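Please look over the chain below with its charged pairs, nonpolar cores and model confidence in mind. The briefing that follows takes these topics in turn.

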Amino acid sequence: MTFFVPSHSRPGPEVTSNVMAMTTSAAVPTGSEDAITSSGTVTDRLVEANEQYATAFTDPGMDARPVLHVAVVACMDARLDLHKALGLQLGDCHTIRNAGGVVTDDVIRSLTISQRKLGTRSVVLIHHTGCGLEALTEDFRTELEMEVGQRPAWAVESFRDVDQDVRQSMQRVRTSPFLLHTDDVRGFVFDVRTGLLREVDPA
């Protein structure tokens, strides 16, 4: 599998690679949870971090159109550090994340806006091993209904075969009548133990 990422500002030859590695939150030193919550809530800590970030922030002068014209749809799992893993920089791509990285109606909504109004052409789908959706079933909706008195309108989108779910997501993108560009749609599974992406054959 070859994935090409051009540089923003560093001149040089184009680079291709046959393997992609992903960093994960497992690399964070032990005790980081205590550091996050030691001075108030987690949200307080995030706000403090943003204040520090803003002191050195400069306007990059970009518009909303991704430089690489690509949208990445991925699971919300905290172990997936997409920008570092894919060699992406600020402004390179649109990132759409949800539980499982599955292509739902709302993902199609985002992709449609991404393509039709903001110029993206390629779609990369990333699922991963050990996904929490593999442990759920549609019974989860019934449990919620029993608890709160209202059945969710959305589907859980649980699955047992991650490769097949990637194929289903690719098919949903490729057959959507709202998307302009469906010729460059590729799907991958991220292995949470090795940090590598494995491409899924759409057939």
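E199 is partly exposed at 31% relative accessibility, where buried means under 20% relative accessible area, exposed over 50% and partly exposed in between, with a 1.4 Å probe and protein chains only. This is a predicted model, in which local features need pLDDT of at least 70 and side-chain atom pairs count only at pLDDT 80 or more, while totals for chains, interfaces and linings use all residues. Residues are numbered from 1 along each chain as its sequence is written, and side-chain values use heavy atoms, with hydrogens and water left out.

**Salt bridges**

- The structure holds seven salt bridges, each being a side-chain nitrogen of Lys or Arg within 4 Å of a carboxyl oxygen of Asp or Glu.
- E199 is the partner of R186 in one of them, with the closest N and O atoms 2.8 Å apart; this pair links distant parts of the chain, since R186 sits in strand β4 (residues 185–190) and E199 in strand β5, 13 residues apart.
- R186 is itself partly exposed, with a relative accessible area of 27%.
- R198 pairs with D163, the closest N and O atoms being 2.9 Å apart; because R198 lies in strand β5 (residues 197–200) and D163 in helix α6 (residues 162–174), the pair ties together parts that are 35 residues apart in sequence.
- D163 is buried, at 17% relative accessible area, whereas R198 is partly exposed at 39%.
- E145 and R151 form a further salt bridge, with 3.1 Å between the closest N and O atoms; E145 is partly exposed at 34%, and R151 is partly exposed at 36%.

**Aromatic pair**

- One aromatic pair is found in a search of the whole structure, the criterion being that rings of Phe, Tyr and Trp (its six-membered ring) have centres within 6.5 Å, with planes under 30 degrees apart counted as stacked, over 60 as edge-to-face and the rest as tilted.
- The rings are those of Y53 and F57, whose centres are 5.5 Å apart and whose planes meet at 50 degrees, so the pair is tilted.
- F57 is partly exposed, at 43% relative accessibility.

**Fold and nonpolar cores**

- The chain has six helices and five strands, taken as DSSP runs (helices H or I, at least four residues; strands E, at least two) and numbered from the N terminus.
- Along the sequence, these elements follow the pattern α-α-β-α-β-α-β-α-α-β-β.
- A nonpolar core is a set of buried Ala, Val, Leu, Ile, Met, Phe, Trp, Tyr and Cys residues joined through side-chain atoms within 4.5 Å; the largest has 22 residues, of which V73, L111, V123, L125 and V173 touch the most other members.
- Two or more residues of this core come from each of β1 (70–75), α4 (105–118), β3 (122–128), α6 and β4, and α6 gives the most, with four residues.
- Beyond its neighbours within four places in sequence, V73 is in contact (heavy atoms within 4.5 Å) with residues including I96, G101, V107 and L111.
- A second, separate core of 14 residues includes L68, V70, L86 and C93.

**Confidence**

- The average pLDDT, the predictor's confidence in each residue from 0 to 100, is 86 for the chain, and 81% of the residues score at least 70.
- Over residues 1–30 pLDDT stays under 50.
- Where pLDDT is low, the predicted coordinates should not be read in detail.
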